[in-house]
Amino acid sequence: SASVNINATALTGTAVVGAIGGVDDSTMEDIVDKLKALEYESNFTLFRTFGPLSRTTFSAPAADPTRQYFYFASLVAWLLGLLGSTGFPQPTQYDDPSATSTTIIAELRRLDFSVRELAPGRLRAGHGD
């Protein structure tokens, strides 16, 4: 696959993660558009397992919350890898979600993302704001 040079702020739209406020449909559409620009359909190795994101994939609870969280954590690992991070490897479906969420937050902090007011429990749900 081709080398991808990305700017974290361009990817997220802002360098603030976990700010107060929900993820609405238009925000999810923007996220999906940015992932498509990164060609996640062909470069995210678990794409065939999970399928395409929709505007509701992470904005509402799924029928299978374990799978939803694993998709979320896997995407985070892939995106952090694009940024050159080695501090958050690809999770497995058997990893403890609390530990995984704590590691995600620690890695975001290490990469100088602002993660104010972001607790592991907010990530563990795999959906919402």
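These notes walk through a predicted model, from the whole chain to one residue.

1. Ground rules. Local features need pLDDT of at least 70 and side-chain atom pairs count only at pLDDT 80 or more, while totals for chains, interfaces and linings use all residues. Residues are numbered from 1 along each chain as its sequence is written, and side-chain values use heavy atoms, with hydrogens and water left out.

2. Overall fold. The protein chain has seven helices and zero strands. Helices (H or I, at least four residues) and strands (E, at least two) are DSSP runs, numbered from the N terminus.

3. Burial. The protein chain has 129 residues, and 32% of them are buried. Buried means under 20% relative accessible area (1.4 Å probe, protein chains only).

4. The core. The largest nonpolar core holds 29 residues. Such a core is a set of buried Ala, Val, Leu, Ile, Met, Phe, Trp, Tyr and Cys residues joined through side-chain atoms within 4.5 Å. Tyr40, Phe44, Leu53, Tyr71, Leu75, Trp78 and Ile104 touch the most other members. Helices H2 (25–37), H4 (47–50), H5 and H6 (97–110) each supply at least two residues of this core. H5 gives the largest share, eleven residues.

5. Tyr40. Contact means heavy atoms within 4.5 Å. Beyond its neighbours within four places in sequence, Tyr40 is in contact with residues including Leu53, Tyr71, Leu75 and Trp78.

6. Gln68. Where does Gln68 sit? Gln68 is in helix H5 (residues 65–82). Gln68 is buried, with a relative accessible area of 5%. A polar atom of the Gln68 side chain lies 2.8 Å from the backbone oxygen of Ala60. Not counting residues up to four places away in sequence, Gln68 touches several residues, among them Thr57, Phe58, Ala125 and His127.

Key: Buried means under 20% relative accessible area, exposed over 50%, partly exposed in between (1.4 Å probe, protein chains only). A polar contact is a pair of N or O atoms within 3.5 Å; within protein, one must be able to donate a hydrogen and the other to accept it, and residues adjacent in sequence count only if both atoms are side-chain atoms.
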